[in-house]
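Let's take a walk through this structure together.

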Amino acid sequence: MNSPLRVAVTGAAGNIGYALLFRLAAGDCYGMEQPIILHMVEIPPAMKALEGVAMELSDAAFPLLHGIEMADNPNDGFKGVNQAFLVGAMPRGAGMERADLIQANGPIFVAQGKALESAAAADVHAVVVGNPCNTNALICSSNARGLPAGRITAMTRLDQNRAVSQLANKAGVLASDIGRMAVYGNHSPTMFPDFLHATIKGQPVADTLDQAWLEGDFMTTVAKRGSAIIKARGASSAASAASAAIDHMKSVWHGTADGEWVSMAVPSRGEYSVPAGLIYSYPVTISNRAYQIVEGIEHGQYAQKKIAASADELVRERDLVADLLA
Ligand code: NAX
């Protein structure tokens, strides 16, 4: 058995948190040889609910769960943590524009960036799930400049998983038969799920599936999946988001398989003509807990336009939060 890993989850009393904590404690992310100590971080009004979650975690008697800590602020909550799932944020309310959400949630990530820098372990990796996750990750990393670049990433794995599943269902194959499904850009409807380089059983998707469906229904379904779930369930994606967050950090922790890539929003250094500094989703490979953006993929005009449009949206979001960037 390894020594326990300290894993922070913010928004731990929320919906995604409820699904995520039990998967983490069961060993789904770090494996069955890796005990963890959960640091559950919330805001003061949610602490009572959080105590209930802690009671349930305890009742599950997970062999890998070596401790539970609770905090109502990130400075205490992030003490010594090696991994952080930054989920806690305000969801978009009725009549709220994306710009309102950005301004409401941005300050949360100023405080959390500073706390990660000052309180977390030197090897900390964080994934931002709370929306708008790309721009929140930008704010967070800008306020944690003492950490090596790229330690704070944002989650587009749910979009990748949704795209994989749509392709698999349409082609009548298993999700595991789909390869290299990369999502570019912002976690928003402007994202580009690049079906042109994805594969089915190692062959280009376009060999099996109709181009009109790929450019039409496929793209729309993936982009609007979040709203479709809210409409059907009366609540936003929770278990699938938690599952994607596990996939994201599992890739960071264990690396990617040979020849495979995963989608992750990371700081751009200008790859694919995206302005440097944005937190932009790219296909990446990972080994030794460090990612590498996959470069050299040839994109035609159709893809180039989509990649640029999502970057433009992120530039506009960055402008909106300029006062929160250090
Ligand atoms: P909930 O409203 O159920 O839970 C959010 C929790 O965060 C609440 O318990 C709240 O008290 C807590 N919180 C608020 N501010 C906090 C702070 N400063 N520190 C610590 N905790 C804080 O929302 P939930 O459904 O769990 O969604 C959480 C976030 O994930 C939302 O921003 C949502 O938009 C985002 N999502 C991101 C996805 C992605 O793919 N990146 C997909 C799913 C989800 O929509």
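Where does Y272 lie? Look in the loop between β12 (262-267) and β13 (279-287). Keep in mind as you zoom in that this is a predicted model. Y272 has a positive phi of about 55°, even though it is not a glycine. S273 sits in the loop between β12 and β13 too, and its phi is also positive, at about 65°, again without being a glycine. For context, most residues other than glycine have a negative phi, and most peptide bonds are trans.

N131 and P132 are joined by a cis peptide bond, with omega at about -5°. You'll find P132 in the loop between β5 (125-128) and α5 (133-142).

Across the boundary, 34 residues of domain 1 are in contact with 33 residues of domain 2.

Now for the largest pocket. Both domain 1 and domain 2 give residues to its lining, so the pocket lies between them. It holds about 1,400 Å³ of space. The lining is made up of 47 residues, and here N131 turns up again: M90, P91, R92, N131 and S236 lie nearest the centre of the pocket. Which elements give two or more residues to this lining? They are α1 (15-26), α4 (98-119), α6, α7 (211-223) and α8 (225-233). The largest share, five residues, comes from α4. Sort the lining by class and you get 24 nonpolar, 16 polar and seven charged residues.

One of those lining elements, α6, also makes a helix pair to look at. Two packed helices are described by the angle between their axes and the distance between the axes. Here the axes of α6 (residues 157-171) and α9 (residues 239-254) come within 8 Å and cross at roughly 105°. An angle of 65 to 115 degrees counts as roughly perpendicular, and α6 and α9 are therefore roughly perpendicular to each other. On the α6 side, the contact uses R157, L158 and N161, which meet S240, A241, A244, D247, H248 and S251 in α9. By class, that contact has three nonpolar, four polar and two charged residues.

Definitions and conventions
Residues numbered from 1 in each chain as written. Predicted model: local features only at pLDDT ≥ 70, side-chain atom pairs only at ≥ 80, totals over all residues. Heavy atoms only, no water. Axes fitted to C-alpha atoms, helices over the stretch in contact; angles between N-to-C directions. Helix = DSSP H or I, 4+ residues; strand = E, 2+ residues; numbered from the N terminus. Parallel < 35°, antiparallel > 145°, perpendicular 65-115°, else oblique. Contact = heavy atoms within 4.5 Å. Nonpolar A, V, L, I, M, F, W, Y, C, P; charged D, E, K, R; others polar. 1 Å grid on protein atoms, 1.4 Å probe; cavity = no way out; pocket = protein on both sides within 12 Å on 5 of 7 lines; lining within 4 Å. Points joined across faces, edges and corners; volume = space filled by probe spheres on them. Domains from an automatic or database assignment.
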